[in-house]
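The exercises below concern one protein model, which should be kept in view throughout.

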Amino acid sequence: MKKWLAPARSRRLRAAQRLALKAAYYSGALHAYRGARRARIHGLTVLMYHSIGGSDLLGPGLAVSVKNFAGQLEYLARSFDIVPLDSAVGMLRAGAPIPDNTIALTFDDGFRDNYEAAFPLLKRYGAPAAMFVATQPLTDGISLWPYRLRFLFKKTQARELRLNWPRTTVGRGAFNLASARKRRRAVDALEPALIAAVPSERERMLAEIARGLGVDVTSDPADEAPILTAEQLKILSAGDIEIGSHTVTHPALSSLSCTDAAEELTASKKTLEAALGRRVRFLAYPFGASQHFNAEVEDLTQKAGYEAALTTVPGVNGRSADLFAIKRLGVYDDPPAIFAFKLSRWFA
Ligand SMILES: [Zn+2]
């Protein structure tokens, strides 16, 4: 009996500890949520969303449910001054002090649910926003490659994937695909190698993965994760939504040659401007972490005619912020109290 008691007790203890932690977390969260009026963030906060109510093709938690999005928006509208991205950039450019609690909302990757689910809620709260769209899905009807990659792993029946990529970090890899978690781990391990590759090489890698997985290489998640149509983009653009570029093919711009990076920047801008009949002024760097853009990319972005560019480097922007490296905070599928609690980390 004794043999069983000890683990039982430690199991109970662990459960109690977890519960206590959870309680502390939630009371902190509620405190942050209720204390919204006292919330103070110095500088410009830019939030980054992806899908609203949509697909599990994104990383876990990246698609925010409609319910949570509505709750988050309600909290933001009550506690912050939600400004259009161009006003926010104008403040940074002027170098004047930024009023506390200034916030701008952004959406990356151009999911159709941004129009169907997010737009009505944004209108309800009078909240302006910016949406960053990559143009290859618009012009060629092909989904962005990170989602195609995930889709291949969703469709496969294979229990294992073997690759022979001696020149990549993955190397001669064998991936166990026996569970959803293992498949996710394989995607996470492979993605950096595809991010680092130039587009033609990346397509070859995707084809090789599809072959290895026994899945049709043309499999496309367009039906499961549909993107904004040109018509929807026009309506959004006429309705307080700033449409920005997210390049053509969603590459890490720092891994491209100058010529190819410039082409991604100018071609996407041109396509969107033709579709919208108005200027496209802002860019969101695909992937957007510090290794995915550099001074050269910033320079090319400016030369392509953009006025500012957004990263995924987490942080709040002070008055001396670099206009071509604006920081953002990624938002996850959290109920409003947890969302407020996470945001409170940046409170002054
Ligand atoms: Zn993106």
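**Conventions**

This is a predicted model, in which local features need a pLDDT of at least 70, side-chain atom pairs count only at pLDDT 80 or more, and totals for chains, interfaces and linings use all residues. Residues are numbered from 1 along each chain as its sequence is written.

**Exercise 1.** State the average pLDDT of the protein and identify the residues over which pLDDT stays under 50.

*Solution.* 
- Step 1: pLDDT is the predictor's confidence in each residue, from 0 to 100. The protein averages 89, and 87% of the residues score at least 70.
- Step 2: Two residues are in contact if their C-beta atoms, placed from the backbone, lie within 7 Å.

**Exercise 2.** Describe how helix H6 and helix H7 pack.

*Solution.* 
- Step 1: Helices (H or I, at least four residues) and strands (E, at least two) are DSSP runs, numbered from the N terminus. H6 covers residues 145-155 and H7 covers residues 180-196.
- Step 2: The angle between H6 and H7 is about 145°, and their axes are 10 Å apart. Axes are lines fitted to C-alpha atoms, for helices over the stretch in contact, with angles from 0 to 180 degrees between N-to-C directions.
- Step 3: From H6, the residues Pro146, Leu149, Arg150 and Phe153 meet Arg183, Ala186, Val187, Glu191 and Leu194 of H7. This contact has six nonpolar, no polar and three charged residues. Here Ala, Val, Leu, Ile, Met, Phe, Trp, Tyr, Cys and Pro count as nonpolar, Asp, Glu, Lys and Arg as charged, and the others, Gly among them, as polar.

**Exercise 3.** Determine which residues of helix H11 are buried, and explain why they line one face.

*Solution.* 
- Step 1: A residue is buried if 20 or more other C-beta atoms lie within 10 Å of its own, exposed if 12 or fewer, and partly exposed in between, with C-beta atoms placed from the backbone. In H11 (residues 295-303), Val297, Leu300 and Thr301 are buried.
- Step 2: Seen down the axis of H11, the buried residues fall within an arc of 100°, so they line one face of the helix. The arc is that of the directions from the helix axis to the C-beta atoms.
- Step 3: Ala295, Glu296, Asp299 and Lys303 are exposed on the other side of H11.
- Step 4: The cover over the buried residues of H11 includes helix H10 (258-276), strand S8 (282-284) and strand S9 (308-310).
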